[in-house]
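Student: I have a new model open. Can you show me how to read it, feature by feature?

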Amino acid sequence: MSHPDGKTTHTFHDWLSWDGAWELINGKAYNMTPAPNSLHQFIVGELQFALRNYFQNKSGYIFTAPFDVFFSESNQYDKPDHVTQPDLSVVCAKDQISKNGCHGAPQMIVEVLSPSTALKDFNEKFNLYQKFGVQEYWIVDPGNRTVHVYALQDGAYEVRELFTEQDTIQSVVFEAFRVPMTGLFQL
């Protein structure tokens, strides 16, 4: 077991040998430590609860980190090109789920920002999720008490909504899924 070299381009084979929790995006290693703070965990829990309630009798599976999502340029998931651990993943196709995680784009991904992940979530992950067809991507910003909702249209995140503290978040893909923001940051 080892730790990645920050100056090297890495592969999935390298990722398999690393100690700890790491993401692999465009050959670059991203450390998943330190653990998220209590507000981050509270927000993830609230959104997971809301999603579980919404999908109670529907086709959709909700996963929280640590849960690996594998993206492959060639659809070969035994050696994917990218590995992420979104805070929340909604997978609607059961055949995408393996014992190790999710093969290909979940229908929806939610990332809750931390100071150490904000740039990655708004840049590398945004571009990766858009490229591989994640239909809806939420970025929750606890510092500004906002939620950015992006939805694919013609292969790009064309729909962009910004919800603030007094709003009710409205999903684009799952039209009946709504979450009031009033309790989301109330820890």
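Tutor: Start with secondary structure. Helices and strands here are DSSP runs, numbered from the N terminus. This is a predicted model, and the protein comes to 4 helices and 14 strands.

Student: What radius of gyration does the protein have, and what would a compact globule have?

Tutor: Compare the value with the one for a globule. With 187 residues, a compact globule would come near 16 Å, and the protein has 16 Å, so the two agree. Along the principal axes, the C-alpha atoms fill a box of roughly 45 × 30 × 30 Å.

Student: What share of the residues count as buried?

Tutor: Buried means under 20% relative accessible area. By that cut-off, 45% of the 187 residues are buried. Look at contacts too. Among those between residues at least 6 apart in sequence, 51% join residues at least 24 apart.

Student: Which residues have the most contacts inside the largest nonpolar core?

Tutor: A core is a set of buried nonpolar residues joined through side-chain atoms. The largest one has 25 residues, and L47, W138, V147, I169 and F177 have the most contacts inside it. Two or more residues each come from helix 2 (38-54), strand 6 (88-91), strand 9 (108-112), strand 10 (136-141) and strand 11 (146-153). Helix 2 supplies the largest share, 6 residues.

Student: Beyond its sequence neighbours, what does I169 touch?

Tutor: Leave out residues up to four places away. I169 then touches W138, V147, V149, F163, F177, R178, V179, M181 and L184. There is also a second, separate core of 19 residues, and F71, I109, F126 and Y129 are among them.

Student: Which residues of helix 4 are buried?

Tutor: Helix 4 spans residues 124-132, and its buried residues are K125, F126, L128, Y129 and Q130. Just after helix 4, G133 takes a positive phi of about 90°.

Student: Why does K125 count as buried?

Tutor: K125 counts as buried because its relative accessible area is 1%. Set aside neighbours within four places in sequence, and K125 contacts E23, I25, T84, Q85, E111, K120 and Y137.

Student: What is the volume of the largest pocket, and which residues are closest to its centre?

Tutor: The volume is about 530 Å³. Of the 26 lining residues, M32, P34, P36, H40 and D87 are closest to the centre. Strand 2 (28-31), helix 2, strand 9 and helix 3 (118-122) each supply at least two lining residues. Helix 2 gives the most, with 3. By class, the lining has 11 nonpolar, 10 polar and 5 charged residues.

How values were computed:
Residues are numbered from 1 along each chain as its sequence is written. This is a predicted model: local features need pLDDT of at least 70, side-chain atom pairs count only at pLDDT 80 or more; totals for chains, interfaces and linings use all residues. Side-chain values use heavy atoms; hydrogens and water are left out. A nonpolar core is a set of buried Ala, Val, Leu, Ile, Met, Phe, Trp, Tyr and Cys residues joined through side-chain atoms within 4.5 Å. Buried means under 20% relative accessible area, exposed over 50%, partly exposed in between (1.4 Å probe, protein chains only). Contact means heavy atoms within 4.5 Å. On a 1 Å grid over the protein atoms alone, a cavity is a set of points where a 1.4 Å probe fits but cannot get out, and a pocket is an open set with protein on both sides within 12 Å along at least five of seven lines; lining residues have an atom within 4 Å of a point. Grid points are joined across faces, edges and corners, and a volume is the space filled by probe spheres set on the points. Ala, Val, Leu, Ile, Met, Phe, Trp, Tyr, Cys and Pro count as nonpolar, Asp, Glu, Lys and Arg as charged, and the others, Gly among them, as polar. The radius of gyration is taken over C-alpha atoms; the globule rule is 2.2 Å times the number of residues to the power 0.38.
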